[in-house]
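Hi,

Here is the structure I promised to pass on. Please have a look at it first, and then read on for what turned up.

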Amino acid sequence: MFLDTSVIFAAILSPQGGARMVFRLGESGLVHLWIGRQVLRECEAVVQRKAAPTLPDLALLLHTAGVQVGPEAGANHLEDAKRLVAYLPDALVLAEALETQPDWFLTHDHQHFLKLSNEEVSFQIGTPGDFLTWFRERTIQGD
């Protein structure tokens, strides 16, 4: 799954929240977590600006959960993303997600991402809570 900056920041600030649970699933190897270079740059800037003392927590969180940095977005994916999201920094994030081709894209961004439909992108878009509900349903059905 591909993570947006908002999910990573939420995981740093709330050790008990849904975003942190997603990272725990990554730590256990039950899910594979991906971010893009744009997300990494945004995370560093947001943490530095809003919660500088937690900057080491960002590095530790990404490392222990095995978060991988995906490929740079190609021109085609960037153009597709710009058609869906007018705000360029978020279009870059979406382009990275399109390039990575995850099953899920997790975000808290209602303005730019959560409004997108499954017909517009090739993956599910939702909050960590949405994903955790989906994951629990699949896990329970698998037992």
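The second largest pocket is lined by Arg 37, Gln 38, Arg 41, Glu 72, Ala 73, Leu 78, Leu 92, Ala 95 and Glu 96. Two elements, helix H3 (37–50) and helix H6 (88–100), each give two or more residues to that lining. By class, the lining has four nonpolar, one polar and four charged residues, and the volume of this pocket is about 150 Å³. Do keep in mind that this is a predicted model.

The largest pocket comes out at about 190 Å³. Around it sit Met 1, Val 31, His 32, Trp 34, Thr 100, Gln 101, Pro 102, Asp 103, Trp 104, Phe 131, Trp 134 and Phe 135. Its lining is made up of eight nonpolar residues, three polar and one charged. Helix H7 (residues 128–142) contributes the most here, with three residues.

Now to helix H6. This helix has 13 residues, and its first and last C-alpha atoms are 18 Å apart, close to the 18 Å expected at 1.5 Å a residue. Its buried residues are Asp 90, Ala 91, Val 93, Leu 94, Ala 95, Glu 96, Ala 97, Leu 98 and Thr 100. What do the buried residues of H6 pack against? Their partners are strand S1 (2–3), strand S2 (34–35), H3, helix H5 (75–84) and strand S4 (104–106). Just after H6, Gln 101 has a positive phi of about 60°, and Gln 101 is also among the residues lining the largest pocket.

The largest nonpolar core holds 45 residues, and those that touch the most other members are Met 1, Leu 3, Ile 8, Phe 23, Leu 33, Leu 94 and Phe 131. H6 supplies the largest share of this core, six residues. Leaving aside residues up to four places away in sequence, Met 1 touches Val 22, Val 31, His 32, Leu 33, Trp 34, Pro 102, Trp 104, Leu 106 and Phe 131.

One more residue for your list is Leu 25, which lies in helix H2 (residues 18–27). Is Leu 25 buried or exposed? Leu 25 counts as buried because its relative accessibility is 9%, under the 20% cut-off. Beyond residues up to four places away in sequence, Leu 25 touches Leu 30, Val 31, Phe 131, Leu 132 and Phe 135. Asp 80 is 55 residues from Leu 25 along the chain, with 30 Å between their C-alpha atoms.

Best wishes

Note on methods: Residues are numbered from 1 along each chain as its sequence is written. This is a predicted model: local features need pLDDT of at least 70, side-chain atom pairs count only at pLDDT 80 or more; totals for chains, interfaces and linings use all residues. Side-chain values use heavy atoms; hydrogens and water are left out. On a 1 Å grid over the protein atoms alone, a cavity is a set of points where a 1.4 Å probe fits but cannot get out, and a pocket is an open set with protein on both sides within 12 Å along at least five of seven lines; lining residues have an atom within 4 Å of a point. Grid points are joined across faces, edges and corners, and a volume is the space filled by probe spheres set on the points. Helices (H or I, at least four residues) and strands (E, at least two) are DSSP runs, numbered from the N terminus. Ala, Val, Leu, Ile, Met, Phe, Trp, Tyr, Cys and Pro count as nonpolar, Asp, Glu, Lys and Arg as charged, and the others, Gly among them, as polar. A nonpolar core is a set of buried Ala, Val, Leu, Ile, Met, Phe, Trp, Tyr and Cys residues joined through side-chain atoms within 4.5 Å. Buried means under 20% relative accessible area, exposed over 50%, partly exposed in between (1.4 Å probe, protein chains only). Contact means heavy atoms within 4.5 Å. The expected span of a helix is 1.5 Å times one less than its number of residues.
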